[in-house]
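This briefing covers model confidence, helix packing and the nonpolar core. The points are grouped by topic.

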Amino acid sequence: MNKKIKTDAVDHLFEAVLTLKTPEECYTFFEDVCTVNELLSLSQRYEVAKMLREGRTYLEIAEKTGASTATISRVNRSLNYGNDGYDMVFKRLEDGKKEDK
């Protein structure tokens, strides 16, 4: 965990996020907290991470998401050398799909 972001304010934000129960609640909250561009940037990075994990090429990802190669490279670096946050979420989502079947 990056000690630079570990603050009381960030803790409070994450506690607030953890109270959200539906996608509609997420839309309501994040539209208030983020600018449209911030939210679109976050969602773009998430889509890039998913596509990288699927083995897609930078060119495919750039064409589908509109992300720059610099953004794709940063996300790839996070996937390979980060805190495994993306993979934790991908696994939980996959496990949830298996339970639904």
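This is a predicted model: local features need pLDDT of at least 70, side-chain atom pairs count only at pLDDT 80 or more; totals for chains, interfaces and linings use all residues.

For the protein, the mean pLDDT is 95, with 99% of its residues at 70 or more.

**Helix 3 with helix 5**

- Helix 3 spans residues 36-53 and helix 5 spans residues 69-81; their axes come within 9 Å and cross at roughly 65°.
- The crossing of helix 3 with helix 5 is right-handed.
- On the helix 3 side, the contact involves Q44, R45, V48, A49, L52 and R53; on the helix 5 side, T71, I72, V75, N76, L79 and N80.
- Sorted by class, the residues of this contact are 6 nonpolar, 4 polar and 2 charged.

**Helix 3 with helix 4**

- The axes of helix 3 and helix 4 lie 10 Å apart, at an angle of about 145°.
- Helix 3 and helix 4 also form a right-handed crossing.
- Helix 3 contributes Q44, E47, V48, M51 and L52 to the contact, and helix 4 contributes Y58, E60, I61, K64 and T65.
- This contact of helix 3 with helix 4 comprises 5 nonpolar, 2 polar and 3 charged residues.
- Q44, V48 and L52 of helix 3 are listed in the contact with helix 4 and also in the one with helix 5.

**Nonpolar core**

- The largest nonpolar core has 10 residues: V48, A49, M51, L52, I61, A67, I72, V75, L79 and F90.
- Helix 3 and helix 5 each provide at least two residues of this core, and helix 3 gives the most, with 4.
- In soluble globular proteins, nonpolar side chains tend to be buried together.
- Core members V48, A49, L52, I72, V75 and L79 are also part of the contact between helix 3 and helix 5.
- Core members V48, M51, L52 and I61 are also part of the contact between helix 3 and helix 4.

**Individual residues of helix 5**

- Leaving out residues up to four places away in sequence, V75 touches R45, V48, A49, L52 and Y86.
- T71 is located in helix 5 and touches Q44 and R45, with residues up to four places away in sequence not counted.
- T71 counts as buried because its relative accessible area is 12%, under the 20% cut-off.

Methods:
Residues are numbered from 1 along each chain as its sequence is written. Side-chain values use heavy atoms; hydrogens and water are left out. Axes are lines fitted to C-alpha atoms, for helices over the stretch in contact, and angles run from 0 to 180 degrees between N-to-C directions. A crossing is left-handed if the near helix is turned anticlockwise from the far one by less than a right angle, and right-handed if clockwise. Contact means heavy atoms within 4.5 Å. Ala, Val, Leu, Ile, Met, Phe, Trp, Tyr, Cys and Pro count as nonpolar, Asp, Glu, Lys and Arg as charged, and the others, Gly among them, as polar. Buried means under 20% relative accessible area, exposed over 50%, partly exposed in between (1.4 Å probe, protein chains only). A nonpolar core is a set of buried Ala, Val, Leu, Ile, Met, Phe, Trp, Tyr and Cys residues joined through side-chain atoms within 4.5 Å. pLDDT is the predictor's confidence in each residue, from 0 to 100.
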